[in-house]
Amino acid sequence: MSSGAPRALLLIGAVGVGKTTTTDAIADELEVRSIPGAAFDLDWLRRAWPAPPDDRFNNRLELAALDAVSAVHRDAGAQVLVAAGVIEERADRASYETAFGCPLTVVRLTAPRELVRARLHRRHEGDPDGLAWHLDRFDELTDILDAAGVEDAAVPVGPDPRSTAQAVLRAVGI
């Protein structure tokens with residue numbers, strides 16, 4: 001990738017599919033390739049409570065924080081901004097592209113339902129309420145994303161995070 005205008009890459013998918021892990025692996029791969037960049041998880045940018053009644057997942061806060069964080073990283077020379085998150089409606093893409101401050105490519109990660117359910121069981125061991133919520137949310141969000149068609153490309157998770165990261169970068173031409 002030659003130096004030039006920055007671009008953003010947003011990994012979306014249902015809970016437990018591997019968005020954050022793949023984002024970390026993409027960051028490692030970009031560093032190995034000497035491509036300046038930054039990586040972050042949008043969950044952390046919107047983690048505040050209580051959420052307003054009309055913004056269940058704090059999306060307005062997420063967008064405001066994303067705008068600020070992206071500007072800092074672009075100013076520091078990042079060519080590729082990589083984030084893990086979720087966009088549930090195609091109409092919201094423009095808001096995210098504006099917040100990133102550069103062209104946006106959305107990649108949806110997919111994984112077999114039973115693989116994700118096993119991950120969620122491990123992640124929420126000892127937390128039955130959290131497990132139940134995430135299992136339900138996986139099914140709900142999968143249906144929402146199937147209907148929304150937000151992504152530019154879909155990539156199935158591979159056998160390990162590095163192979164998934166490399167598949168994502170191939171899919172987007174990096």
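This is a predicted model: local features need pLDDT of at least 70, side-chain atom pairs count only at pLDDT 80 or more; totals for chains, interfaces and linings use all residues.

Colleague: Let's begin with the helices. At what angle do α1 and α7 pack?

Modeller: Helix α1 covers residues 19-32 and helix α7 covers residues 161-171; they pack at about 75°, and their axes are 8 Å apart. Angles of 65 to 115 degrees count as roughly perpendicular, so that is how α1 and α7 sit relative to each other.

Colleague: Which residues of α1 meet α7?

Modeller: Here's the general idea: an α-helix has 3.6 residues a turn, so residues three or four places apart point the same way. In this model, α1 uses Thr21, Thr22, Ala25, Ile26, Glu29 and Leu30. Across from them, α7 brings Pro161, Arg162, Thr164, Ala165, Gln166, Val168 and Leu169. By class, that contact has 7 nonpolar, 4 polar and 2 charged residues.

Colleague: And which residues of α7 are buried?

Modeller: Thr164, Ala165, Ala167, Val168 and Leu169. Their cover includes α1, along with β1 (7-12), β4 (104-110) and β5 (153-156).

Colleague: What should I look at around the ends of α7?

Modeller: At its start, look for a side chain reaching a backbone nitrogen: a side-chain oxygen of Asp160 comes to within 3.1 Å of the backbone nitrogen of Arg162. After α7, check phi: Gly173 follows the helix with a positive value, near 75°.

Colleague: Now a single residue. Is Thr23 buried or exposed?

Modeller: Compare its relative accessible area with the cut-off: buried means under 20%. Thr23 has 2%, so this residue counts as buried. Thr23 belongs to helix α1, and its side chain reaches the backbone oxygen of Lys19 at 2.8 Å.

Colleague: What is Thr23 in contact with, beyond its neighbours within four places in sequence?

Modeller: Leu11, Ala39, Phe40, Val82, Ala83 and Ala84.

Colleague: Last one, the largest nonpolar core. Which residues touch the most other members?

Modeller: That core has 50 residues, and Leu9, Leu10, Ile26 and Phe100 touch the most other members. Ile26 is also one of the α1 residues that meet α7. For Leu10, setting aside residues up to four places away in sequence, the list of residues touched includes Leu42, Ala83, Ala84, Ile87, Tyr96, Phe100 and Leu104.

Notes. Residues are numbered from 1 along each chain as its sequence is written. Side-chain values use heavy atoms; hydrogens and water are left out. Axes are lines fitted to C-alpha atoms, for helices over the stretch in contact, and angles run from 0 to 180 degrees between N-to-C directions. Helices (H or I, at least four residues) and strands (E, at least two) are DSSP runs, numbered from the N terminus. Angles under 35 degrees count as roughly parallel, over 145 as roughly antiparallel, 65 to 115 as roughly perpendicular and the rest as oblique. Contact means heavy atoms within 4.5 Å. Ala, Val, Leu, Ile, Met, Phe, Trp, Tyr, Cys and Pro count as nonpolar, Asp, Glu, Lys and Arg as charged, and the others, Gly among them, as polar. Buried means under 20% relative accessible area, exposed over 50%, partly exposed in between (1.4 Å probe, protein chains only). A polar contact is a pair of N or O atoms within 3.5 Å; within protein, one must be able to donate a hydrogen and the other to accept it, and residues adjacent in sequence count only if both atoms are side-chain atoms. A nonpolar core is a set of buried Ala, Val, Leu, Ile, Met, Phe, Trp, Tyr and Cys residues joined through side-chain atoms within 4.5 Å.
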